[in-house]
Amino acid sequence: MSHDGCLGNVEYISLRTVNFKISVRTPERIQIFNSRELNVRENFLYSIIYCTFAVEVVDLEIIFFYMINEYKNYPLLQHNTFGIDVSAASFVEFSTVEELQQLLAKEWRRPLLVIGGGSNLLFTGDFNGTIFHSRIMGIDLLGENDTDVFVRVGSGVNWDEFVAYCVEQGWHGLENLSLIPGEVGASAVQNVGAYGVEAGDFIVKVDAISIDDAYPCAFTNGDCEFAYRHSIFKTEEKDRYIITHVIFRLKKHAAFKLSYGNLKEKVEELGGATLANVRRAVCEIRRAKLPDPAEIGSAGSFFMNPVVSSAIAARLIEDYPAMPQYPLPDGNVKLSAGWMIEQCGWKNTPHEHVGVYSKQALVVINRGGATGGEVVEFANAVVASVKEKFGVTLHMEVNVI
């Protein structure tokens, strides 16, 4: 490792590792050497090899070259959309599977935390362990048939950029998930969803690396146990794997889902159902009711919409005829958390630094200078009021750290 410099209180360490094979000329013959890993600050391989072996380099084959960035006392303000001003004791980024495996072979300050775009995180203080962040990029077409395309996407790819790319290519399925913040790896963890569609509907396989032994693993769609805002990576396999790639099966032909909310009406206003129009409609609806994290700190939907039995739903609709309800295939009913929060008056009773968004009560916002603790305190008060009024318990969708 080499200390490349410091910026303020942030100490930056760059680890560059080169694995190479060389042919060298000695007085007797040409010999082949395969290197072990060599840590170098710059790409001075020829001179390093010459000084090491005192021979002329005939041929050099770089088998792989990678760079890992590690930061100490790293500010996380740009890595959480809530805008909480905290820092991490250690922050590491990797760009390939091989880099990640090399990282996991080393000892790191515990605990470990894997993050994506930080759009589903709420930090309540400085993180005293090591944060891993994927920079694995790439959108690769693996294969296709008459009806489907199979696409492998790096976990560090921006989710909305991937959705936009699918629309440009004419691949159907993910257009309803436009403008959701975050990265592709996190989409499989959270099973992100919107307007009647979930990422898990189109995920075929998730590639990951085991944190314990750096061993590559693959999870089928069934293995992931996708459900509403749920996957196995949030429960029994939480903190055990780091996702590197997600494989999607997308459709070549239209299979639009427009029945949720006012999406169909908006699409018709734009000229009818096409991939481009559906994406544009979703983006316009989301921009109209959700804050831009660049301007107002939030994590999008802070609470999950609760799911209750049909009997409870029937009782509630009798007491509150205007309550939005969404029957599910399993016979249960999904309720609108935002509607219940609004009925409890929270749009008109913000705290000093925290409140709910004026256009969507489901969204808790940082009104400026909020701490994670203040947000949690506010959220607990919201949960208590909904429980008291409706007898329904809300659960946070964000991951409180």
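1. Three strands make up an open antiparallel sheet, ordered β18-β20-β19. Its edges are β18 (307-308) and β19 (325-327), each of which pairs on one side only. Between β19 and strand β20 (residues 333-335) there are three bridges in the antiparallel sense. Within that pairing, Q325 is set opposite L335 of β20.

2. On the model as a whole: it is predicted. The protein chain holds ten helices and 23 strands. Of its 401 residues, 48% are buried. Taking contacts between residues at least 6 apart in sequence, 61% join residues at least 24 apart.

3. The five-stranded sheet deserves a separate entry. It is open and antiparallel, and its strand order is β10-β11-β16-β14-β15. β10 (139-144) and β15 (216-220) each have a single partner strand, so one side of each lacks a neighbour in the sheet. On average, and with direction ignored, neighbouring strands here are turned by 20° against each other. Helix α3 packs on this sheet and touches β10, β11 and β16, with a direction about 20° from that of β16.

4. Which strands flank β16 in the order of that sheet? They are β11 and β14. Strand β16 spans residues 241-251, and nine of its eleven residues are buried, which leaves the strand mostly covered. Strand β11 (residues 148-154) runs antiparallel to β16 and is joined to it by seven bridges. On that side D148 is opposite K251 of β16. Strand β14 (residues 203-210) is likewise antiparallel to β16, over seven bridges.

5. In general terms, strands of a sheet pair through backbone hydrogen bonds, in either the parallel or the antiparallel sense. Both senses occur in this model. The sheet containing β16 is antiparallel, whereas the pairings of β9 described next are parallel.

6. Strand β9 (residues 127-134) is mostly covered, with seven of its eight residues buried. Strand β6 (residues 87-94) pairs with β9 in the parallel sense through six bridges. In this pairing V92 stands opposite F132 of β9. Strand β7 (residues 112-115) also pairs with β9 in the parallel sense, through four bridges. Here L112 is opposite T130 of β9.

7. Helix α2 (residues 97-104) has four named buried positions: E99, L100, L103 and L104. Viewed down the axis of α2, these buried residues lie within an arc of 130°, so they line one face of the helix. A reader checking the model may wish to note that E99 is on the buried list along with the leucines.

8. How do α3 and α7 pack? Helix α3 (residues 159-169) meets helix α7 (residues 275-289) at an angle of about 155°, and their axes are 9 Å apart. The two are therefore roughly antiparallel to each other, the cut-off for that term being over 145 degrees. On the α3 side the contact is made by D160, V163, A164 and V167; on the α7 side it is made by L275, A276 and R279. These residues divide into five nonpolar and two charged, with no polar ones.

9. N277 is a residue of helix α7. Is N277 buried or exposed? Its relative accessibility is 14%, so N277 counts as buried, the limit being under 20%. Apart from neighbours within four places in sequence, N277 is in contact with V267, L270, G271 and G272. The C-alpha atoms of N277 and V167 are 9.9 Å apart in space, and the two residues are 110 residues apart in sequence. V167 is one of the α3 residues in the contact with α7.

Conventions: Residues numbered from 1 in each chain as written. Predicted model: local features only at pLDDT ≥ 70, side-chain atom pairs only at ≥ 80, totals over all residues. Heavy atoms only, no water. Axes fitted to C-alpha atoms, helices over the stretch in contact; angles between N-to-C directions. Parallel < 35°, antiparallel > 145°, perpendicular 65-115°, else oblique. Contact = heavy atoms within 4.5 Å. Nonpolar A, V, L, I, M, F, W, Y, C, P; charged D, E, K, R; others polar. Buried < 20%, exposed > 50% of the residue type's maximum accessible area, 1.4 Å probe, protein only. Pairing = 2+ DSSP bridges. Arc of directions from axis to C-beta.
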